[in-house]
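Please open the model in your viewer and keep the sequence panel at hand.

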Amino acid sequence: MTPDHNTLLSLFDHEMREHARPDGPGVRVERTADVVRQVGAADDWNGVVWSAPDLDGVRADAAIAAQVEHFGALGLDEFEWKLYAHDRPADLGQRLRAAGFVAEEPETLLVAPVADLATAVELPEGVRLRTVTDAADVELMARAHEQAFGSDWSRLRHQVLARLTEDPDSFVGVLAMAGDEPVSSARMELYPGTGFAGLWGGGTVAPWRGKGIYRALVAFRARIAAERGFTYLQVDASDQSRPILQRLGFRVLGTTTPYVYRGSV
C-alpha cells in the first residue's frame with residue numbers, strides 16, 4: 001500500500017535530506033544542530049539540503065550566517081540552500097534573500113512507487129536508448145544537454161565523469177541516439193541505504209520533442225531501478241516535465257526552490 005502524502009513526504013525528508021549521503025566521489029556530508037550540508041570541490045554541488053523543522057527566526061538567521069561563513073572559509077563563494085515549501089520558519093526564503101541569496105526557478109517535487117510505473121520502452125522510429133559507459137559517451141550527454149537546455153554543462157561533466165569512473169554502481173547515464181547523433185540524455189542517481197533513486201535531466205533537442213522520448217527515458221530508468229531493488233523514484237521537475245510525470249503516476253509532494261549565494265559577485 002502506497003503511503004499517504006504526509007507519510008511519504010516525511011520519509012523523503014528523513015532519508016534524502018536529514019540523513020543525506022554524499023552524491024559523488026570526493027564530497028562529504030556535514031551535520032550541525034540546525035542544517036545538513038554537502039561540501040566538495042568548486043565543481044561539485046555544494047549546499048544545504050536540510051534544515052531543522054523547529055527553526056525560529058533567530059536560529060534561522062544564525063544558521064544562514066554560519067553557512068555563508070563556513071563555505072566562504074573553504075573558498076567556496078558559491079553554494080546553494082535547497083529550500084522546500086514546507087521548511088520552517090515560513091519566511092525562510094525571505095530571510096535567505098535578505099542575506100544575499102538569489103532564488104532560482106522553483107521546481108515541483110514528485111515521487112512515485114517504482115512498482116506502479118510502466119517499464120515498457122516505446123520509441124519513435126530511428127531512435128534507440130543506451131547506457132553511458134565511457135568519457136566519449138559523457139561528451140554526447142553534454143552535447144544533447146546543451147542543445148536541449150541551452151546551458152553550459154561543464155560542471156555536470158565533471159560530476160558525471162567522477163561518478164562514472166569512481167562510483168559507477170550508484171549512477172546510470174542514458175543516451176537517446178538517432179543514428180550517431182544524441183537527441184536526448186538523462187541520468188539516474190541511486191542512493192544506497194535508502195529506498196529512493198532520483199531522475200535528472202531528460203531534455204530533448206527541439207526537433208525530437210513531443211515524440212515520447214522523455215516518457216521512454218523514464219520507463220527505461222524505472223526498469224533499472226526496479227531491477228536494483230529501489231522502492232521510489234524522485235524528480236525535481238520543471239513546469240514542462242511535471243504534467244508528463246503526473247500522467248505516468250508520479251505524485252506531487254510539494255515544491256523546492258534553489259537559493260544560490262554568490263559571494264564573489
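How many residues of strand β8 (residues 171–178) are buried? Select this strand: eight of its eight residues are buried, that is, under 20% relative accessible area with a 1.4 Å probe and protein chains only. Strands are DSSP runs of E of at least two residues, and helices runs of H or I of at least four, numbered from the N terminus. This is a predicted model, in which local features need pLDDT of at least 70, side-chain atom pairs count only at pLDDT 80 or more, and totals for chains, interfaces and linings use all residues. Residues are numbered from 1 along each chain as its sequence is written, and side-chain values use heavy atoms, without hydrogens and water.

Next, display the side chains of β8. Phe171, Gly173, Leu175 and Met177 point one way, while Val172, Val174, Ala176 and Ala178 point the other way. In a regular strand, side chains alternate between the two faces of the sheet.

β7 (residues 127–131) runs antiparallel to β8, joined by five bridges, and Leu129 has Ala176 as its bridge partner. β9 also pairs with β8 in the antiparallel sense, over eight bridges, with Val174 opposite Ala186. In the hairpin of β8 and β9, select Gly179, which takes a positive phi near 65°.

Finally, select Met141, His145, Trp153, Ser185, Ala186, Arg187 and Gly201, which line the largest cavity. β9 gives the most to this lining, with three residues. A cavity is a set of points on a 1 Å grid over the protein atoms alone where a 1.4 Å probe fits but cannot get out, and lining residues have an atom within 4 Å of a point.

Technical notes: On a 1 Å grid over the protein atoms alone, a cavity is a set of points where a 1.4 Å probe fits but cannot get out, and a pocket is an open set with protein on both sides within 12 Å along at least five of seven lines; lining residues have an atom within 4 Å of a point. Buried means under 20% relative accessible area, exposed over 50%, partly exposed in between (1.4 Å probe, protein chains only). Two strands pair if DSSP finds at least two bridges between them.
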